[in-house]
Amino acid sequence: MPGSARPRLMAELAVVSRRHMASYALFNQALADRLGLHPTDLQCLNLLTLEGGPVTTGRIAELTGLTTGSATRLVDRLERAGYVTRERDAGDRRLVLVAPVPEKAAEFGRAWERFGSGWVTLFEDLDDAELDL
């Protein structure tokens with residue numbers, strides 16, 4: 001396709017994507033610092049609050065891509081920091097479930113909104129069909 005803008009557009013997309021990833025990594029670090037967490041622990045907490053209920057450490061490993069041993073150590077850190085609790089599953093006492101501490105999850109949510117809510121303005125001018133796309 002002679003004169004195609006595709007190579008230029010793909011190069012621009014690569015640059016924009018790299019800038020976005022760098023900006024997000026720095027944002028994640030700043031928010032983790034504010035909450036006294038490691039950036040990986042912060043994102044695990046983020047994923048936990050999106051799950052809608054307690055999960056096993058195995059599920060945390062699935063969500064994060066960590067080994068079960070690394071996920072257990074991550075949960076240990078979050079528990080020491082007061083962000084999660086471990087509880088036995090009522091239906092299967094062999095299972096241990098990890099749940100966010102409600103007050104700490106609310107604190108996390110407020111910090112996320114305060115620092116991350118500006119991105120919503122990027123989409124204010126889009127109609128529902130454009131958002132769906």
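Colleague: Why are Lys 104 and Glu 107 said to be separated by about one helical turn?

Modeller: Because they sit three residues apart in helix H5, Lys 104 and Glu 107 are about one helical turn from each other. Helices here are DSSP runs of H or I with at least four residues, numbered from the N terminus. Before we go on, this is a predicted model, where local features need pLDDT of at least 70 and side-chain atom pairs count only at pLDDT 80 or more, while totals for chains, interfaces and linings use all residues. Residues are numbered from 1 along each chain as its sequence is written, and side-chain values use heavy atoms, leaving out hydrogens and water.

Colleague: What makes Lys 104 and Glu 107 a salt bridge?

Modeller: A salt bridge needs a side-chain nitrogen of Lys or Arg within 4 Å of a carboxyl oxygen of Asp or Glu. The closest N and O atoms of Lys 104 and Glu 107 are 3.7 Å apart, so the pair qualifies.

Colleague: Why is Lys 104 called partly exposed?

Modeller: Buried means under 20% relative accessible area and exposed over 50%, with partly exposed in between (1.4 Å probe, protein chains only). Lys 104 has 23% relative accessibility, so it counts as partly exposed. Glu 107, at 28%, is partly exposed too.

Colleague: Is Glu 62 buried or exposed?

Modeller: Glu 62 has a relative accessible area of 60%, so it is exposed.

Colleague: What makes a set of residues a nonpolar core?

Modeller: The members are buried Ala, Val, Leu, Ile, Met, Phe, Trp, Tyr and Cys residues, joined through side-chain atoms within 4.5 Å. The largest one here has 21 residues, and Leu 35, Leu 37, Leu 42, Leu 48, Ile 60 and Leu 78 touch the most other members. Helices H1, H2, H3, H4 and H5 each supply at least two residues of this core.

Colleague: Which residues does Ile 60 touch?

Modeller: Not counting residues up to four places away in sequence, Ile 60 touches Cys 44, Leu 48, Val 55, Ala 71, Val 75 and Val 98. Contact means heavy atoms within 4.5 Å.
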